[in-house]
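Subject: Handing over a structure

Hello,

I am passing a structure on to you, and below it you will find my notes on what turned up. Please have a look at it first and then read on.

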Amino acid sequence: MLCAMTRAMTRVFHRTLGRTLPVAVSGSGVTLRDADGKAYIDASGGAAVSCLGHGHPDVVAAMHAQIDKLSYAHTSFFTTEVAEELADTLVAGAPDGIGQAYFVSGGSEAIEAALKMARQYFVEIGQPERRHFVARRQSYHGNTLGALAVGGNAWRRAQFAPLLIDVAHVSPCYEYRDRGPDETPEAYGRRLVTELAVEIERLGPRNVIAFVAETVVGATSGALTPAPGYFRGVRELCDRHGILLILDEVMCGMGRTGTLHACEQEGISPDLLTIAKGLGGGYQPIGALLVQQRIVDAFARGSGFFQHGHTYLGHAVACAAALAVQRVITRDRLLEACTRRGEDLRASLTQRFGAHPHVGDIRGRGLFMAIELVADRAAKTPFEAKLKLHARVKQEAMARGLMVYPMGGTIDGRLGDHVLLAPPYIVTTQEIGQIVDRLGEAVDASIAALAGGSH
Ligand SMILES: Cc1ncc(COP(=O)(O)O)c(C=O)c1O
């Protein structure tokens with residue numbers, strides 16, 4: 001049998017060099033297994049991807065059927081039945097006014113397409129002076145250069161800064177740390193909208209293309225939910241100035257928060273909406289940009305051509321996988337399951353960590369939850385960045401057969417640690433209990449190791 005150690009000699013340029021990774025060999029339901037037979041509960045869906053868990057028979061069958069018929073037909077020559085059906089399905093479930101879907105192969109590609117489509121839209125309608133994007137600090141929109149430029153995580157951007165387009169960044173919506181002691185959540189949301197308004201005035205409202213934001217922030221700061229009314233205020237502000245609102249739901253969308261799109265819970269509709277991870281559930285690489293009909297019409301009246309494209313746009317097998325994933329979510333009423341199991345997860349986390357001296361905040365929505373780790377709970381002091389607590393928690397969790405998604409730099413790209421949980425929508429209440437038990441052990445062991453000075 002192939003054992004983990006045989007992979008110490010690798011020809012793969014891995015994310016981190018010099019580390020020996022376990023070799024994943026099979027997956028079923030919420031469980032992944034490595035070559036040594038060790039089982040891991042996938043409590044993060046990888047990076048909030050595997051919304052149906054692993055090896056779902058309906059998705060696997062749909063992919064087999066599509067491969068037997070047709071794997072690939074370049075989109076400059078053909079459309080396919082399966083891409084058309086997927087687009088129909090997505091548009092039917094999309095926020096108000098969305099009229100078409102542009103298919104790509106992942107989240108960063110969806111963001112790149114959104115940035116370029118937004119810019120070209122203004123060229124099409126005779127406003128070529130619009131050239132600025134505004135986004136938020138502590139956001140993550142992907143690792144390609146455009147996506148990295150709108151992203152607001154200082155550490156991820158730093159060494160590539162000379163290559164990035166100039167993007168203005170405003171404050172994230174981060175209640176735990178930034179809402180004033182006497183400020184209501186609504187007043188906090190209004191304050192942030194005012195800050196955005198001031199930034200737009202500084203740039204000149206007629207020079208701004210779009211405001212880009214994750215509806216619920218994922219990877220870089222751990223399931224930060226928007227303050228009540230914040231996105232309605234942002235929508236009004238954008239409308240007042242003819243600025244587009246691009247919502248990035250690559251991580252928080254497609255059911256993860258209990259509604260198909262996270263923005264449904266904010267009562268607004270974006271101009272452009274990016275989706276990816278839960279779209280294909282990890283069965284195939286796929287993302288999409290959902291586009292307001294008004295924008296489609298402007299292209300149709302104008303050049304009739306979006307000056308963009310990739311070789312694998314609308315790949316037939318990827319579309320078949322995504323269509324099957326979306327059908328299972330509807331058929332098995334998994335949005336309701338996500339909401340109910342999300343309540344179980346919140347209750348379980350609150351019971352285990354609600355009074356924990358090193359857990360400052362428990363937050364999120366649906367099956368998209370995080371805990372923020374602190375050295376001092378009363379003062380909200382983070383652990384020192386050099387301790388890399390997040391990495392230790394990941395290691396301790398893996399040792400206990402648990403996959404979670406911890407990250408450092410929660411507060412400003414350098415300081416702060418959180419652990420993100422995003423289990424598959426099929427997770428059971430009993431499995432949630434196991435996840436939280438193992439996470440509790442992993443957090444306690446990591447902090448005990450720091451206290452023991454074994455760092
Ligand atoms: C909100 C958000 N946008 C974009 C991306 C980039 O997606 P991908 O890694 O598929 O390129 C991610 C990935 O984590 C994300 O969380």
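The protein chain has 15 helices and 15 strands in its secondary structure, where helices (H or I, at least four residues) and strands (E, at least two) are DSSP runs numbered from the N terminus. Its radius of gyration is 22 Å, close to the 23 Å that the globule rule gives for 455 residues, so the chain is as compact as a globular protein of that length. That radius is taken over C-alpha atoms, and the globule rule is 2.2 Å times the number of residues to the power 0.38.

Before the details, a word on the source. This is a predicted model, in which local features need pLDDT of at least 70 and side-chain atom pairs count only at pLDDT 80 or more, while totals for chains, interfaces and linings use all residues. Residues are numbered from 1 along each chain as its sequence is written, and side-chain values use heavy atoms, with hydrogens and water left out.

The chain as a whole

Along the principal axes, the C-alpha atoms of the protein chain fill a box of roughly 65 × 60 × 40 Å. Buried residues make up 55% of the 455 residues; buried means under 20% relative accessible area, exposed means over 50%, and partly exposed is in between (1.4 Å probe, protein chains only). The accessible surface comes to about 19600 Å², and 54% of it belongs to carbon and sulfur atoms. Accessible areas come from the Shrake-Rupley method with a 1.4 Å probe, and for residues only the protein chains shown count as cover.

Among contacts in the chain with a separation of 6 or more, 72% are between residues 24 or more positions apart; a contact means heavy atoms within 4.5 Å. On the charge side, there are 46 positive and 47 negative side chains, and the centres of the two sets lie 4 Å apart. Here Lys and Arg count as positive and Asp and Glu as negative, with His and the chain ends not counted. The place of a charge is taken as NZ of Lys, CZ of Arg, CG of Asp or CD of Glu.

The cores

The largest nonpolar core has 52 residues, and Phe-103, Phe-211, Tyr-230 and Val-234 touch the most other members. Such a core is a set of buried Ala, Val, Leu, Ile, Met, Phe, Trp, Tyr and Cys residues joined through side-chain atoms within 4.5 Å. Leaving aside neighbours within four places in sequence, the contacts of Phe-211 include Val-134, Val-170, Leu-196, Tyr-230, Val-234 and Ile-246. A second, separate core of 44 residues includes Tyr-283, Val-328, Leu-402 and Ile-447.

Buried residues to look at

Gln-138 sits in the loop between strand 5 (132-136) and helix 5 (145-150). It is buried, with a relative accessible area of 2%, and its phi is near 65 degrees, a positive value in a residue other than glycine. Beyond residues up to four places away in sequence, Gln-138 touches a set that includes Gly-152, Pro-172, Thr-220, Gly-409 and Asp-412.

Met-254 also has a positive phi without being a glycine, at about 55 degrees. Its loop runs between strand 8 (244-249) and strand 9 (272-275), and at 0% relative accessibility Met-254 counts as buried.

Ile-200, in helix 8 (residues 185-203), is buried with a relative accessible area of 1%. Leaving aside neighbours within four places in sequence, Ile-200 is in contact with Pro-205, Val-208, Leu-237, His-241 and Ile-243.

Partly exposed residues

Which residues does Arg-352 contact, leaving aside its neighbours within four places in sequence? They are Val-436, Gly-440, Glu-441 and Asp-444. Arg-352 belongs to helix 13 (residues 334-353) and is partly exposed at 30% relative accessibility.

Arg-438 is in helix 15 (residues 429-451) and is partly exposed, with a relative accessible area of 25%. With neighbours within four places in sequence set aside, Arg-438 is in contact with Ile-41, Arg-400, Gly-401 and Leu-402.

Lys-277 lies in helix 10 (residues 277-280) and counts as partly exposed at 24% relative accessibility. Lys-277 and Ala-48 are 229 residues apart in sequence, yet 6.7 Å apart in space, C-alpha to C-alpha.

Best wishes
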